[in-house]
Amino acid sequence: MATLAIGDIQGCFDSFRRLLDICHFDPARDRLWLVGDLVNRGPKSLKTLRLIKSLGSAAQIVLGNHDLYLLMVAEGGAKYRGKDDTLQGILDAKDREELLDWLRHQPLCYTEGNYCMVHAGLLPQWSAIQARELS
Ligand SMILES: [Mn+2]
């Protein structure tokens, strides 16, 4: 059993798939820690999100700023900038609500054993336990 940690996939589905293949990732045996920013900027955000969601408990994720931005745009709480964004495929997808509902239930911080996973660092005043509770 291996645990792989990968950050900032940002919709780069093909590179992500290739990396999983090179590492012989097997969701029945291995675990994936994804350090946020699953989507946006890259060309295949929708396929990336569907794949990660399909991995179930084999993939543990935390949300990054681009994932939060997607949720805000979907709820009408942020204006879609368009220019460098590649989220339209998700926003138009027939399984949009299922994907967004799954995403909004993911944590900002995940701890296991001596490890703490967050997207972009912790406030120095916070312990890992405090950060997880606040998440
Ligand atoms: Mn980020």
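Q: Is Asp95 buried or exposed in this predicted model?
A: Let's start with the cut-off: a residue is called buried when its relative accessible area is under 20%. Asp95 comes in at 17% relative accessibility, so Asp95 counts as buried.

Q: Which residue forms a salt bridge with Asp95?
A: The closest N and O atoms of this pair are 2.8 Å apart. A salt bridge needs a side-chain nitrogen of Lys or Arg within 4 Å of a carboxyl oxygen of Asp or Glu. The partner here is Arg50.

Q: How many residues apart in sequence are the parts that Arg50 and Asp95 tie together?
A: Look at where each one sits: Arg50 is in helix α2, while Asp95 is in the loop between α4 and α5. Because of those positions, the pair links parts of the chain whose separation in sequence is 45 residues.

Q: Which residue pairs with Lys44 in a salt bridge?
A: Side chains of opposite charge can pair when their charged atoms come close. For Lys44, the closest N and O atoms of the pair are 2.9 Å apart. Lys44 lies in the loop between β2 and α2 and its partner in helix α1, so the bridge ties together parts 30 residues apart in sequence. That partner is Asp14.

Q: What is the relative accessibility of Asp14?
A: Partly exposed residues fall between the buried cut-off of under 20% and the exposed cut-off of over 50%. Asp14 counts as partly exposed, and its value is 38%.

Q: Which residues of helix α5 are buried?
A: Helix α5 covers residues 96–104. What covers them includes α2, β3, α3 and α4. The buried ones are Leu99, Leu100, Trp102 and Leu103.

Q: Where is Tyr69 found?
A: Tyr69 is buried, with a relative accessible area of 6%. The element that holds Tyr69 runs over residues 65–74, and this element is helix α3.

Q: With which side chain does the side chain of Tyr69 make a polar contact?
A: Leaving aside neighbours within four places in sequence, Tyr69 touches several residues, including Asn40, Tyr80, Arg81 and Leu87. The polar contact has a distance of 2.7 Å, and the side chain on the other end belongs to Asp85.

Terms used:
Residues numbered from 1 in each chain as written. Predicted model: local features only at pLDDT ≥ 70, side-chain atom pairs only at ≥ 80, totals over all residues. Heavy atoms only, no water. Helix = DSSP H or I, 4+ residues; strand = E, 2+ residues; numbered from the N terminus. Buried < 20%, exposed > 50% of the residue type's maximum accessible area, 1.4 Å probe, protein only. Contact = heavy atoms within 4.5 Å. Polar contact = N/O pair within 3.5 Å; in protein donor to acceptor, adjacent residues only side chain to side chain.
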